[in-house]
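Have a look at the structure first.

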Amino acid sequence: MSARTASPPPPARADLVADAALTLLAERGMRGLTHRAVDEAAGLPQGSTSNLARTRQALLELAVRRLADREARVLGLDEMPDPRHGLDSLVDALALSAHRALTRNRELTLARYELALEATRRPELRAHFDAAGARFREQLGALVTAMGSADPARHVLSLVAWADGLMFSCVAGTFHAEVPGLEEVRAGLREILDGMLDG
């Protein structure tokens with residue numbers, strides 16, 4: 001393998017800034033997110049973040065867009081099995097997605113909760129946050145519909161609420177020191193989906 005193809009290209013500056021912002025949100029919370037702090041965390045010259053996102057709102061929107069891209073990869077929504085392969089394969093895939101968010105991607109999950117709370121206070125950010133989450137809800141809706149759901153909208157709400165509750169409890173809540181294993185997550189999902197798709 002040549003040196004030219006041995007390493008991936010460096011991330012675009014916008015991605016570098018957004019990734020640094022997400023890290024800061026997870027580590028320091030919303031109050032720790034400043035343009036200067038992002039420059040430092042990203043290893044960029046002072047003023048670089050301001051050149052990309054002049055206002056705080058613009059910086060938050062940049063972070064939300066990057067969060068959506070990264071979470072889509074963590075959740076593997078484009079890699080979900082064909083529903084015709086049966087419920088077990090869907091449960092396995094969804095459980096693996098949730099477990100990745102709880103373990104290797106805890107920082108990203110924390111950043112999402114910071115942004116979700118900020119969106120409740122900033123209507124202009126709410127629109128961006130909701131749009132980013134719509135893709136996941138739509139794909140989940142298509143999956144449960146293909147599996148025979150009689151009420152896809154309600155079932156998507158129940159699944160998302162279960163997953164959000166699990167992740168919040170295990171990342172920031174009372175179970176933060178008791179992260180469930182993959183098989184436990186799988187068992188919980190199986191119970192929910194069995195109830196939804198039973199007859």
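This is a predicted model, and the chain averages a pLDDT of 89, with 93% of the residues scoring at least 70. The two ends of the confidence range among the elements look like this:

| Element | Residues | Mean pLDDT |
|---|---|---|
| helix H1 (lowest) | 3-6 | 50 |
| helix H3 (highest) | 35-42 | 97 |

Now for helix H7, which covers residues 106-119. Its 14 residues reach 20 Å from first C-alpha to last, close to the 20 Å expected at 1.5 Å a residue. Buried along H7 are Leu108, Thr109, Ala111, Arg112, Tyr113, Leu115, Ala116, Glu118 and Ala119. And what do the buried residues of H7 pack against? They pack against helices H2, H5, H6, H8 and H9.

Over in helix H2 sits Asp19. Is Asp19 buried or exposed? Asp19 counts as buried because its relative accessibility is 19%, and the cut-off for buried is under 20%. Setting aside neighbours within four places in sequence, Asp19 is in contact with Arg66 and Arg70.

Last stop, the largest pocket, with a volume of about 770 Å³. It's lined by 38 residues, and the closest to its centre are Glu71, Leu75, Arg112, Phe136 and Asp164. H5, H6, H7, H8 and H9 each supply at least two residues of the lining, with H8 giving the most, at nine residues. By type, the lining of this pocket splits into 26 nonpolar, four polar and eight charged residues.

Methods. Residues numbered from 1 in each chain as written. Predicted model: local features only at pLDDT ≥ 70, side-chain atom pairs only at ≥ 80, totals over all residues. Heavy atoms only, no water. pLDDT = per-residue confidence, 0-100. Helix = DSSP H or I, 4+ residues; strand = E, 2+ residues; numbered from the N terminus. Expected span 1.5 Å × (residues − 1). Buried < 20%, exposed > 50% of the residue type's maximum accessible area, 1.4 Å probe, protein only. Contact = heavy atoms within 4.5 Å. 1 Å grid on protein atoms, 1.4 Å probe; cavity = no way out; pocket = protein on both sides within 12 Å on 5 of 7 lines; lining within 4 Å. Points joined across faces, edges and corners; volume = space filled by probe spheres on them. Nonpolar A, V, L, I, M, F, W, Y, C, P; charged D, E, K, R; others polar.
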